[in-house]
Amino acid sequence: MNIIEIKGLKKDYPLGTTTVHALRGIDLSIKEGDLYGIVGPSGSGKTTLLNVIGCIDFATEGSVTVGGQEITSLSDREITDIRLHKIGFIFQTFNLIPVLDVLENIEFPLLLMKNQSRSEIRARAEKLAEEVGLKEFVSHRPAELSGGQRQRVAIARALVTNPDIVLADEPTANLDSVTGEQILELMREMNRVEKTTFIFSTHDQNILKYANHLVKIKDGLVAEQ
Ligand SMILES: Nc1ncnc2c1ncn2[C@@H]1O[C@H](COP(=O)(O)OP(=O)(O)OP(=O)(O)O)[C@@H](O)[C@H]1O
Ligand SMILES: [Mg+2]
């Protein structure tokens, strides 16, 4: 089954008096529970594509279906709901909350969801912290962690709500190559254990081998899948 179906997706950005055609007609199907790598030169549209799938940005034209829902036709409230419940995000710059410790960062999306008790939330966050190898670090703040450990927190936070899809835009760009490979190894493990669909983008040829499917993007189009 395809968890994401994209047809004729175009995205334009106004830039001064001109228009940037960031995506020029993307057709793409993503299978549920699989691990995808998106690769392409700088400016080819990788971030734009992930942002549209994640409902952070919106299509200019075309259709994007996530979990059977056509996202271009949804209300703001439904979009917020999808972002919170169905999608987890991992960013290049980690985007952790500096004043919260590891466990509190992982718990954060569950607190926003407001549908579990405090003790259920704590138990779920502790489970995820352990799965990503941070059991000993739960009371550290982000500044007291290495880059790789920070990205582990981000992975746990992305998975804590049990989303259908995790989107990771250049998750290893700020990590050394050994740590980057460990992070991808962890994503692969989490993909296996949690059956979550993962889509990551990268410049790094070394981590492409972790993907089960490769999507090559060039000039806002899928060059190869
Ligand atoms: N907010 C924006 N306003 C105007 N143009 C934008 C905006 N965001 C992206 N673009 C343009 O859209 C195109 C695609 O950008 P995008 O960030 O998706 O590329 P990318 O493949 O992620 O690149 P990189 O590998 O450098 O991260 C580029 O030409 C970029 O300059
Ligand atoms: Mg990018």
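Which helices do the buried residues of α4 pack against? I will come back to that after a look at the whole chain. What you see is a predicted model.

Start with the overall picture. The chain has 6 helices and 10 strands. Its radius of gyration is 17 Å, close to the 17 Å that the globule rule gives for 225 residues, so the chain is as compact as a globular protein of that length. Along the principal axes, the C-alpha trace spans about 50 × 40 × 40 Å. Of the 225 residues, 40% count as buried. Now take the contacts between residues at least 6 apart in sequence: 71% of them join residues at least 24 apart.

Strand β1, residues 2-15, and strand β2, residues 18-31, run antiparallel and are joined by 11 bridges. One pair to find on the screen is K11, which stands opposite L23 in β2. The two strands form a hairpin with 2 residues between them. In that turn sits G16, with a positive phi of about 60 degrees. β1 also pairs with strand β4, residues 61-66; these two run antiparallel as well, with 5 bridges between them. There, I4 has V66 in β4 as its bridge partner.

After α1 comes C55, and its phi is positive, near 60 degrees.

On to the open sheet. It is formed by 6 strands in the order β6-β7-β8-β3-β9-β10, and the pairing is mixed. Why is one side of β6 and of β10 left without a neighbour in the sheet? β6 (87-91) and β10 (221-224) stand at the edges and each has a single partner strand, so one side of each has no neighbour there. On average, neighbouring strands of this sheet are turned by 25 degrees against each other, direction ignored. For β6, look at its pairing with β7, residues 165-169: the sense is parallel, over 5 bridges. Within that pair, G88 stands opposite V166 in β7. One general point for reading any such picture: in a regular strand the side chains alternate between the two faces of the sheet.

That leaves α4, residues 118-131. At 1.5 Å a residue, its 14 residues should span 20 Å, and the end C-alpha atoms are 20 Å apart, which agrees. Which residues of α4 are buried? They are I121, A125, L128 and A129. These residues cover an arc of only 100 degrees around the axis, which puts them on the same side of α4. On the other side, S119, E120 and A123 are exposed.

So, back to the opening question. The buried residues of α4 pack against α3 (102-113) and α5 (147-159). If you follow the chain out of α4, you reach G133, whose phi is positive, near 80 degrees.

Conventions
Residues are numbered from 1 along each chain as its sequence is written. Chains are lettered from A and ligands numbered from 1 in the order in which they are written. This is a predicted model: local features need pLDDT of at least 70, side-chain atom pairs count only at pLDDT 80 or more; totals for chains, interfaces and linings use all residues. Two strands pair if DSSP finds at least two bridges between them. Helices (H or I, at least four residues) and strands (E, at least two) are DSSP runs, numbered from the N terminus. Axes are lines fitted to C-alpha atoms, for helices over the stretch in contact, and angles run from 0 to 180 degrees between N-to-C directions. The expected span of a helix is 1.5 Å times one less than its number of residues. A residue is buried if 20 or more other C-beta atoms lie within 10 Å of its own, exposed if 12 or fewer, and partly exposed in between; C-beta atoms are placed from the backbone. The arc is that of the directions from the helix axis to the C-beta atoms. Two residues are in contact if their C-beta atoms, placed from the backbone, lie within 7 Å. The radius of gyration is taken over C-alpha atoms; the globule rule is 2.2 Å times the number of residues to the power 0.38.
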